[in-house]
Amino acid sequence: MSIFINRNTKLVVQGITGRDGSFHTKQMMDFGTQVVAGVTPGKGGQIFEGKVPVFNTVADAVAATGANTSVIYVPPMFAADAIMEAADAGVSLIVAITEGVPVLDMTRAWPFVKERGSRLIGPNCPGLISAGQSKVGIIPARIVTPGPVGLVSRSGTLTYEVVYQLTCAGLGQTTCVGIGGDPINGTNFIDCLAAFEADPDTRVVCMLGEIGGTDEQDAARYVKEKMKKPVVGFIAGQTAPPGRRMGHAGAIISGSSGTAAEKVTAFREAGIAVAQRPVEFVDLVKERI
Amino acid sequence: MNIHEFQAKEILRALGVPIPTGEIATTADAAHDVAARIGKAVVVKAQVHAGGRGKAGGVKLARDASEAREKAKAILGMQIKGLTVEKVLVTEAADIASEAYVGIIMDRASRKPVFMVSPAGGIDIEEVAAKTPEKILKVPVDTRYGLQPYQAMRLGFFLYGDLAKARSSAKIMQQLYTGFVQSGCSLAEINPLVVTPAGEVVALDAKMVIDDNELDRRPAVAALRDESAEAPGEVLARQASLTFIKLDGNVGCCVNGAGLAMATMDLVKYYGGDPANFLDIGGSSSPEKVIAALKIITSDPNVKAILFNIFGGITRTDDVANGIVAATKQNPLKVPIVIRLTGTNEEIAMKILSENGFSASSDMDEAVRRAVALATGGKAA
């Protein structure tokens, strides 16, 4: 099993003919993802890689192919519009990879998506991958293997690091989800924890947080009150100075709030095992399976 | 991106916010001339991207033009939180009957901009929030509709009991909200918003922080950037599309991805070292980016060892290897370098490095330990 995506995921790629979109679409097809359509305005009628029909609009793509999931590689200034277009076309899962989306745009796109009952993951995220089933986004396929660990993270390469170490130690994954490093994102830790708790194949959950905001603290409370499955956590940014954005737009300690120390404390109080180094995930997960 | 107080004031003044007149000066004599033109008591205010200017001695009252010259002379060139004051704002001093706080901040939890106002203005709002939260009113704004008149009035009445002042402040809140949206802010605040003895509501200070993601579509706002007020390494990094933040340690870090970069810094600390910087070379890193990164890291005299930590996904590790080789041919390194890379094209990268006399490991912990040992002369780790 898996969360959010599976073998039945029928994917439409928004921005399929762009540099990043075309590269990663090929990678997703190689992985076995059902890529059923692409969208680039003005390129409707083309066929991508001899297989995937391209449409001018998401509505056309959904009507013709029954796509239920969308992945977005369009430039930042057009990303919020692409998100809203997908939601309006009835796509139930929207994964926005694009980095650099203005936050004010997201304040309009997020309620729009919510009101239409769709789920948004991202923006500024690596997407998600379920070994042996489906990949939506950019997480490298070769680092994952099927198994009982669910993983959710705010970052990209740090996720790869931990997944790779788990895979090397023989600890496979149900689904790995990157929820993104922006201050406003569609899906938060709690959404993913709830989905992993409900997924019969996930036995341990890894949660990779970082400085900024209170999403990790809220997630810790959720783990304590609602979850039966063991959770292993990590917080990046112990050495980050206050008031500076550490690469991710959302990774900033505001005044005295959002520090790594307060998040680690919240994790410990909720009974979450805390890895001090990425490599410690391996033993902490093994002890809990 | 931070902009200066005088720039934020210009934006708000153009939208109709009542703000005392003032001008910028870069020399003590110019400050004298501005004060002479204003013709009454002035405040001389350091223009730096740092909070707590007042406490640091960067804000001074001057009764006349010659006193303004003296105060400006003391403030110009002073250091506030590591930044040198290059400019002062000389502005008309106002008589104050009461002070309030008005701010808009992008709130992650509600996914909306939230207005925050408090009649306890002029001081640190975080302190007010911690000690007397009942003195703060928060009103989230749905950006699809904007700040509604009833919301602005509710905020106004929270600050002032009488209708005239509530109305004046509600108007200022609408103007501040317009400024927030038009300039693409993540924060906009007026602290303090004051009432003069004559009963006028006036903004004495203004602060705006721009969402960096807005700058591409707002050239006029992007043009407000003052590179003289930023750390030199950070200016270079931005020109090379890198994210760099200088810190106080001696292990220079070069990593791909923000999360991994933070985790690498934390691991340096874990093994008893101190990171000299945060540096993210980003996803699709060309050799040129690596060259720029090494230039920035090696220009910091504190750096005693350099640590590369690359997990190749989109990033091709052979690009990074080529960058390291090219950069060190141009400028031979004076400090040791430890390279960890794994992922896309790892075999090619390892071959490039070993052919050029570098060794590399694929284990993150091992690399960090070695870098810390080299930087501390074997004292730690």
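Me: How do the axes of helix 7 and helix 8 of chain A cross, and within what distance do they come?
Reply: This is a predicted model. In it, the axes of helix 7 (residues 215–226) and helix 8 (residues 260–269) of chain A come within 8 Å. They cross at roughly 5 degrees.

Me: Roughly parallel or roughly antiparallel, then?
Reply: Roughly parallel. Angles under 35 degrees count as roughly parallel, so helix 7 and helix 8 of chain A fall in that class.

Me: Which residues make the contact?
Reply: Helix 7 of chain A brings A:Glu216, A:Gln217 and A:Ala220. Helix 8 of chain A brings A:Lys263, A:Ala266, A:Phe267 and A:Glu269.

Me: And by class, what is in that helix 7 to helix 8 contact in chain A?
Reply: There are 3 nonpolar, 1 polar and 3 charged residues.

Me: Switching to domains. What does the assignment give for chain A?
Reply: Domain 1 covers 10–121 and domain 2 covers 139–288. Their C-alpha centres lie 26 Å apart.

Me: How many residues are in contact between those two domains?
Reply: On the domain 1 side of chain A there are 11 residues, and on the domain 2 side 8 residues.

Me: Which elements supply the domain 1 side?
Reply: Helix 1 (19–31), helix 4 (103–115) and strand 7 (119–121) of chain A each give at least two residues. Helix 4 of chain A has the largest share, with 5 residues.

Me: What about classes on that side?
Reply: The side of domain 1 of chain A that touches domain 2 has 8 nonpolar, 2 polar and 1 charged residues.

Me: Now A:Met84. Where is it, and is it buried or exposed?
Reply: A:Met84 is in helix 3 (residues 76–88) of chain A. A:Met84 is buried, with 20 other C-beta atoms within 10 Å. The cut-off for buried is 20 or more, so A:Met84 qualifies.

Me: What is A:Met84 in contact with, leaving aside neighbours within four places in sequence?
Reply: A:Ala109 and A:Phe112.

Me: What separates A:Met84 from A:Glu161?
Reply: Along the chain they are 77 residues apart. Their C-alpha atoms are separated by 32 Å.

Me: On to the two chains. How many residues does each put into the contact?
Reply: Chain A puts in 45 residues and chain B 42 residues.

Me: Which element of chain B gives the most?
Reply: Helix 9 of chain B, with 11 residues. The elements with at least two residues on that side include strand 8 (112–118), helix 9 (258–270) and helix 13 (364–375) of chain B.

Me: Last topic, the open sheet of 4 strands in chain B. What is the strand order?
Reply: The order is 1-6-2-3, with antiparallel pairing. Strand 1 (22–25) and strand 3 (59–62) of chain B stand at the edges. Each has a single partner strand, so one side of each has no neighbour in the sheet. The twist averages 20 degrees from one strand to the next.

Me: How many bridges pair strand 2 with strand 6 of chain B?
Reply: Strand 2 (residues 42–46) and strand 6 (residues 88–92) of chain B pair over 5 bridges, in the antiparallel sense. B:Val42 has B:Glu92 of strand 6 as its bridge partner.

Me: Which helix lies across those strands?
Reply: Helix 3 (residues 65–75) of chain B lies across strand 1, strand 2, strand 3 and strand 6 of chain B. Helix 3 of chain B runs at about 10 degrees to strand 2 of chain B.

Technical notes
Residues are numbered from 1 along each chain as its sequence is written. Chains are lettered from A and ligands numbered from 1 in the order in which they are written. This is a predicted model: local features need pLDDT of at least 70, side-chain atom pairs count only at pLDDT 80 or more; totals for chains, interfaces and linings use all residues. Domain bounds come from an automatic or database domain assignment. Two residues are in contact if their C-beta atoms, placed from the backbone, lie within 7 Å. Ala, Val, Leu, Ile, Met, Phe, Trp, Tyr, Cys and Pro count as nonpolar, Asp, Glu, Lys and Arg as charged, and the others, Gly among them, as polar. Two strands pair if DSSP finds at least two bridges between them. Axes are lines fitted to C-alpha atoms, for helices over the stretch in contact, and angles run from 0 to 180 degrees between N-to-C directions. Angles under 35 degrees count as roughly parallel, over 145 as roughly antiparallel, 65 to 115 as roughly perpendicular and the rest as oblique. A residue is buried if 20 or more other C-beta atoms lie within 10 Å of its own, exposed if 12 or fewer, and partly exposed in between; C-beta atoms are placed from the backbone.
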